[in-house]
Amino acid sequence: KGNQKNILITGGAGFIGSHVVRRFVENYQDYHIFNLDALTYAGNLENLKDIEHHNNYTFIKGDITNDDFLTNLFSENEFDGVIHLAAESHVDRSISDPLSFVKTNVLGTVNLLNQSVKMAKKNPDFRFYHVSTDEVYGALGDTGFFTESTPYSPNSPYSASKASSDHFVRAYGETYGLPFVVSNCSNNYGPNHFPEKLIPLFINNIINNKPLPVYGDGNYTRDWLYVKDHARAIDLVFHEGINGETYNIGGFNEWKNIDLVRLLCKLMDKKLGRKEGASEELIAFVKDRPGHDLRYAIDATKINKELGWSPSVTFEQGLELTIEWYFENKEWLEHVTSGDYKEYYKKQYQ
Ligand code: NAD
């Protein structure tokens, strides 16, 4: 492999992972990027169509819960770093099927850690990076922010599984001396977002004149970050973060769900040439999600001060870019909503 560095990115066919893979493939010609993904319902190689033929990129279909598969992969390749994003990621699914979250997010992460400990012994420059969520901190009241020292207090099976994997990463650092970094990020939005999540779901529903289901009274507050700004932060933390440290990533951009939906409706009315207020008529309040956290808000001072990161777009700009992307990629949306995207892998890779 000469001077080339091999970087393994897990979950690279997913929403955030695809932006990270693209960024690394395009910006680091001296890296070879291995994208390991099981292609669950959330993994979609159409997200990476534009870079799939780059010669510093390889896609590997595989499941991180399969230890034999990982053992082979790590014995056949020497990696300089693992950026771990593969996960079950949807809170509502974790409520109906918690065990699949334990399997992928906890067991899968521990499998990767076991391989990484061996790799770190062979390669002193090796680093393991766990991409995690701010949901591990639980919920906030009307005031305050999550900092890196906020105690963990996860409320959903999803956040409990991510909290658990964060703890394992830290423990492997303490116990086996594994060099690691962790980042905990707020809600992402942007291109390639699977339309089960709020923003793409609502863009799709507004286009199709379907109801916009808002949980409870709509007063839940989330801190939103444009996905490409998250990918940029991941790049920085991977390269410049200090081993053993955690970095919170967020946009200082809190929105009550109902205000966000109203803003989205306004931008969509403009885009679709509908009269102002037309899309808002689609809003329908629905029964609350159990264990729903009232408010998340990230204090991103540390990554700002220590690594010089801050978001590059405002929420309005990011939302407009996102809406634009969904309009320009109607085929992607149709394939994802009809399940046809699964055919893409078969055609391209089998
Ligand atoms: P996603 O669901 O879009 O993508 C997850 C990817 O992991 C998919 O491509 C899927 O095929 C793959 N995967 C799932 N199980 C696997 C397994 N057993 N083996 C190999 N691959 C598997 O998720 P996302 O929104 O892109 O999130 C990526 C990571 O970032 C997750 O770890 C998530 O916890 C974290 N995160 C997400 C957000 C957010 O707002 N989406 C915010 C903070 C942190």
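**Exercise 1.** In which crossing, left-handed or right-handed, does α2 pass α4?

*Solution.* The structure is a predicted model, in which local features need pLDDT of at least 70, side-chain atom pairs count only at pLDDT 80 or more, and totals for chains, interfaces and linings use all residues. Residues are numbered from 1 along each chain as its sequence is written.

Step 1. Helices (H or I, at least four residues) and strands (E, at least two) are DSSP runs, numbered from the N terminus. A crossing is left-handed if the near helix is turned anticlockwise from the far one by less than a right angle, and right-handed if clockwise. The crossing of α2 past α4 is right-handed.

Step 2. The axes of α2 (residues 67–76) and α4 are 10 Å apart, at an angle of about 25 degrees; α2 is therefore roughly parallel to α4. Axes are lines fitted to C-alpha atoms, for helices over the stretch in contact, and angles run from 0 to 180 degrees between N-to-C directions. Angles under 35 degrees count as roughly parallel, over 145 as roughly antiparallel, 65 to 115 as roughly perpendicular and the rest as oblique.

Step 3. Asp67, Leu70, Thr71 and Phe74 of α2 meet Asn111, Leu112, Gln115, Lys118 and Met119 of α4 (contact: C-beta atoms, placed from the backbone, within 7 Å).

**Exercise 2.** Determine how α1 is placed against α7.

*Solution.* Step 1. Helix α1 (residues 15–27) packs on helix α7 (residues 227–240) at about 55 degrees, with axes 9 Å apart. The two helices are therefore oblique to each other.

Step 1. Among the residues of α1 that meet α7 are Phe15 and Ile16, and α1 passes α7 in a right-handed crossing.

**Exercise 3.** Describe the shell around the ligand.

*Solution.* Step 1. Of the 31 residues around the ligand, Gly11, Gly14, Ala42, Gly43 and Ala87 come nearest (a residue is near if its C-beta atom, placed from the backbone, lies within 6 Å).

Step 1. At least two shell residues come from each of α1, α4 (98–122), β5 (127–133) and β7 (187–189).

**Exercise 4.** Is Asp125 buried or exposed?

*Solution.* Step 1. Asp125 is located in the loop between α4 and β5.

Step 1. Asp125 counts as exposed because 9 C-beta neighbours lie inside 10 Å (buried: 20 or more other C-beta atoms within 10 Å of its own; exposed: 12 or fewer; partly exposed: in between; C-beta atoms are placed from the backbone).

Step 2. Asp125 and Phe79, 46 residues apart in sequence, are 9.5 Å apart in space, C-alpha to C-alpha.

Conventions: Two residues are in contact if their C-beta atoms, placed from the backbone, lie within 7 Å.
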